[in-house]
Amino acid sequence: MLILTLKKEWIESKREGRTLWLSSIILLLLACALLSSWHSYEQVQTQKQQVAKSERERWLNQGDKGPHSAAHYGVYIIKPDTGLSVLDPGLSDYQGSVLRLEAHKKNDTLFRSIQDAIQMQRFGDLNPAFILQTLLPLLMILLGFHSISAERESGTLKQLLANGLSPKKLFIAKVMALTGLGLLFFAPIILYIVYSLLFGDNFSAGRSALFIASYGIYIFIWALLTLIVSSYAHTSRSALISLLVIWALACLLLPKFAIESAIQQYPTESSQAFQSKLESEVYTPERQQAISKFKQDTLAEYGVENVDELPFAWSGAQLQFGEQFANKVFDRLFGQRQMQLQAQSLHYQSAAIFSPFIALQTISMSAAATDLAHHQLFDDAGESHRRLIQATLNGDLKDNGLASIKRNKSYRGDQHLWESIPDFTYQYPAIAQLMSHYGRAVICLLLWLMAMMSLSYFAMRRIENEGQP
Amino acid sequence: MKIDEKTNVISVTHLSKNFAEYQAVDDISFTVKQGEILALLGPNGAGKTTTINCILGFLKPDIGHVNIAGIDPSKDVVKARKQLAYIPEQVALYAKLSGLENLIYMSKLAGVDKTKDEFRQLLAQVNLPTHATNKPIGSYSKGMRQKVGIAIALAKSAKALILDEPTSGLDPSSSHEFSQLIQALAQEGVAILMATHDLYRAQEDAHSVAIMNQGQLVHSLVGNAIKETKLESLYLEHVRAASTC
C-alpha cells in the first residue's frame with residue numbers, strides 16, 4: 001500500500017510539475033551548500049595543518065632565550081573540526097579557531113569568520129544544516145499540505161473510505177510517502193557521512209549516528225505535523241496557511257525570541273568590558289600583598305633573609321606564584337562567564353518544547369562539535385596547556401636559572417626545553433559524554449515525536465469521521 | 001432463482017438518525033437482495049443520502065441497525081465497506097491520473113490483485129472507449145467517470161453497489177448505457193441500491209421502489225406493480241401529501 005500510494009503521489013506530482021520544480025530548487029541549493037561547505041572545510045583543514053606544523057616549528061626553533069621571554073613569545077593552538085562541521089558549521093564562525101597561549105593572560109579565540117564576512121553573509125549563511133533544518137520542512141509543507149485536505153475537497157477521501165480503505169492505513173501511507181520524500185533530500189547527506197566514515201577521518205560513528213537519527217526524526221515530525229493539519233483542515237488553503245504559520249513560528253520567530261529571552265535572562269558583559277575586568281582583577285594590590293607574603297613564607301621556609309640566598313632562582317618561583325594567583329582569578333571570572341553562557345544555552349534549549357527546530361539545531365551542533373559546549377571544552381584544554389607551558393618554563397627557570405643569575409647572566413632556555421613541552425593535540429570526547437549539554441534538546445525532540453504520534457491518532461479519527469456533518 | 005428467494009445483502013432495520021432537533025431518517029426498514037435493484041426515491045431532504053451514509057458507515061444510526069452481507073458497519077466499518085462499492089453523484093477520482101490508473105489505484109487499495117491487462121478488460125467491459133483509457137480523468141465526461149466507478153465495483157467483486165443520483169446530468173444515451181451496465185451487474189448477483197430523482201430510470205430498471213419523504217419510508221412497490229403504477233402520480237401524491245401536513 002505504501003508503494004502504491006508513493007507511486008500514485010509521484011505520478012500526480014510529476015504531472016502537476018510543482019513537486020519537480022520545488023524539489024529541484026532545494027536539491028540544487030543543497031548540492032551547492034554541500035559542495036561549498038566541503039570545499040571550504042578542505043581548504044581550512046589544509047591551512048590548519050600547515051599552521052599547526054609551522055607553529056610547532058616556530059616554537060622549537062625560537063632559539064635560545066629566557067624561559068619567560070618564551071612564555072610571552074607564546075604559541076598558537078588550532079581548534080580541531082569534526083567532519084560533521086561541513087554539514088553544520090553551527091557557531092564556528094562566531095567562536096574563532098585559533099587560541100594564543102601566553103604568560104599571564106587567558107585569551108579568547110581569534111579568527112572568527114564572521115568578522116571577515118560581508119554584510120550579506122551575516123544575513124543568512126547557506127549551509128546544509130540551514131537547508132535541512134529550515135527549508136526542508138517548508139518544502140515538505142508545500143508538497144504535503146493538501147495530502148488529505150485536497151482528497152476531502154475533491155471527494156476522493158470519501159470514495160477511498162467507502163472503498164474499504166482503513167483511515168489508519170491511508171494516514172500512515174501518506175505520512176510515509178511524505179517522510180520518504182523528505183528523506184530523499186537527506187539521502188545525499190547520509191551518503192556523504194557513510195562515505196566519510198568508511199574512507200575519511202574526523203568522523204565519529206557515535207556523532208554520525210546521532211546526527212542522522214535526529215534529522216530522521218525531525219523529518220518524520222514535520223511529515224506527521226503536515227498530515228495532521230491537512231487531516232483537520234476543511235480546505236487545502238486553510239491547511240497551507242496554518243502550516244506556514246507553524247513553520248514561521250517554529251523555524252524563524254521562536255528561535256529569535258528564545259535567543260533574546262536567554263540574553264535578557266542571563267546577560268553577559270561585552271568582550272571589551274570582560275577583558276578590562278580581567279585586567280583590573282588580576283593586577284590588584286591584593287596580588288602584590290600575596291606575592292610579598294609568598295616571599296616571606298618562602299624565606300622563612302628556607303631560613304634565609306634574602307631571595308638571593310635561596311637554593312633556586314626566585315624569579316621562576318615568583319612568576320609561577322603570579323601565574324597561579326592569576327589562574328584563580330581566571331577560573332572565577334571565566335567560570336562565571338561560562339556559567340552564564342551555559343545558562344543561556346540551556347534556556348534556549350528549553351524553548352525546544354515549542355519548536356522542534358531548536359531541538360534539532362542544538363543536537364546537530366553538538367554532534368558536529370560546533371556548539372558552545374565543545375568550544376568551551378577546547379578552551380579549557382587550551383588553558384590547561386597554557387598552564388602546563390607556564391609551569392614548565394617557570395619551573396625550569398626556578399630550577400636551572402640560579403647559576404646564570406649568580407654569574408649576573410640571564411638564564412636562557414634552549415631547544416631541549418622547548419621540546420619538553422608537548423605539542424598540543426586535542427580530540428573532542430565521545431558525544432555520549434556530553435549528554436548533559438544537549439540532553440534537554442533530545443528529550444524535547446522525542447517529546448515532539450510522541451506528541452505528533454498522539455495527535456496522529458486523532459487525525460485518523462478525524463478522517464474516519466469523514467462524511468459526518 | 002427468483003429475487004424473493006435470494007439472500008439479503010443490504011438490510012436496514014428500524015433506522016433512525018437525528019441531527020440535533022432535525023429527524024433526518026425516521027424508523028425506516030428495507031432490504032436489498034442479491035441481484036435486486038432497489039430505487040430509493042424522494043425529494044431533496046427526504047433522507048436518502050443520510051440513509052446511504054448510514055449504510056456506508058459514515059454515520060452511526062441513533063436507533064436501528066444496518067447490515068451489509070452479514071457485517072454491521074457500526075461494528076466493523078472497514079470490513080463492511082469491503083463488501084460494497086459506492087458511486088456518488090459526482091464520481092470522485094484523481095483528475096491527474098488516467099482512468100486506468102485510477103482503477104488500478106482504487107482497486108489495489110481495496111485489496112484487489114489483478115494484472116494491468118485484467119484492469120484494462122474491466123474498463124472495456126464497462127464500455128469505456130479504448131482511446132480514453134490512458135487519458136487523465138480530468139478530461140472525462142460524467143458518464144465516463146461513472147463507468148470507471150462501475151469498473152472499480154467490478155474489480156473488487158462488490159456484493160452491493162450504492163448509487164447516489166447516478167443519472168442526474170447524464171444525456172439520454174449515457175443514461176441508457178448506464179442502465180444497461182447496472183442491470184448486467186444485477187444479473188451477476190450484485191445488490192444495487194440507487195437513490196434517485198429519475199422516476200423513468202427507476203420504473204425501467206428497479207425490481208423494487210421505496211419512496212421516502214421527510215425521513216420516512218412512505219410507500220413501497222415490488223415487481224410488476226412498479227410498471228403497472230403511475231409512478232410519477234404516486235410520487236407526487238406522497239410528496240404533496242407530506243408537504244400539506
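**Entry 1**

I began with A:Glu12, which sits in helix 1 (residues 2-16) of chain A. The model is a predicted one, so I kept that in mind throughout. Is A:Glu12 buried or exposed? I found a relative accessible area of 15% for A:Glu12, and because buried means under 20%, the residue counts as buried. Leaving out residues up to four places away in sequence, A:Glu12 touches B:Tyr94, B:Lys96 and B:Leu97. I also noted A:Glu12 in a network of salt bridges, linked with A:Lys8, A:Glu9, A:Glu151 and A:Lys174.

Helix 1 of chain A also holds A:Leu4. Setting aside neighbours within four places in sequence, I listed B:Tyr105, B:Lys108 and B:Leu109 as contacts of A:Leu4. I then checked a distance along the chain: A:Leu4 and A:Ser24 are 20 residues apart, and their C-alpha atoms are separated by 23 Å.

**Entry 1: where the chains meet**

Those contacts sent me to the whole interface. Chain B gives 27 residues to the contact and chain A gives 26 residues. The two chains bury about 2500 Å² between them, and 62% of that is on carbon and sulfur atoms.

How many salt bridges cross between chain B and chain A? I found one. The partners are B:Glu101 and A:Arg15, with their closest N and O atoms 2.7 Å apart.

Next I asked which elements of chain B supply the side that touches chain A. Helix 2 (77-82), strand 5 (84-87) and helix 3 (99-109) of chain B each supply at least two residues. Helix 3 of chain B has the largest share of that side, with six residues. By class, I read off 18 nonpolar, three polar and six charged residues on the side of chain B that touches chain A.

**Entry 2: strand 6 of chain B**

I followed strand 5 of chain B to its partner. Strand 5 and strand 6 of chain B run parallel and are joined by four bridges. B:Ala85 stands opposite B:Leu161 in strand 6 of chain B. On to strand 7 (residues 191-196) of chain B: five bridges join it to strand 6, again in parallel. There the bridge partner of B:Leu161 is B:Ile192.

Why do I call strand 6 (residues 160-164) of chain B largely enclosed by the rest of the structure? Five of its five residues are buried, so that description holds. B:Ala160, B:Ile162 and B:Asp164 point one way, B:Leu161 and B:Leu163 point the other way, and all are buried.

**Entry 3: a sheet in chain A**

Chain A has an open sheet of three strands in the order 1-2-3, with antiparallel pairing. Strand 1 (75-78) and strand 3 (105-106) of chain A are at the edges, each with a single partner strand, so one side of each has no neighbour in the sheet. Strand 2 (residues 98-102) of chain A pairs with strand 3 of chain A over two bridges in the antiparallel sense. I found A:Leu101 opposite A:Lys106 in strand 3 of chain A.

**Entry 4: charged pairs within a chain**

I noted both as partly exposed, A:Arg387 at 22% relative accessibility and A:Asp331 at 44%.

Also in helix 17 of chain A, A:Glu383 and A:Arg386 are three residues apart, about one turn of the helix. Their closest N and O atoms are 2.9 Å apart, in a salt bridge. A:Glu383 is buried at 6%, and A:Arg386 is buried at 1%.

A:Ala369 has a phi of about 60 degrees, and its place is in the loop between helix 16 (356-367) and helix 17 (372-400) of chain A. A:Ala369 counts as buried, at 5% relative accessibility. B:Asp27 has a phi near 50 degrees, and lies in strand 2 (residues 22-33) of chain B. I noted B:Asp27 as partly exposed, at 44% relative accessibility.

How values were computed. Residues numbered from 1 in each chain as written. Chains lettered and ligands numbered in written order. Predicted model: local features only at pLDDT ≥ 70, side-chain atom pairs only at ≥ 80, totals over all residues. Heavy atoms only, no water. Contact = heavy atoms within 4.5 Å. Buried area = accessible area lost by both parts, 1.4 Å probe. Salt bridge = Lys/Arg side-chain N within 4 Å of Asp/Glu carboxyl O. Nonpolar A, V, L, I, M, F, W, Y, C, P; charged D, E, K, R; others polar. Buried < 20%, exposed > 50% of the residue type's maximum accessible area, 1.4 Å probe, protein only. Pairing = 2+ DSSP bridges.
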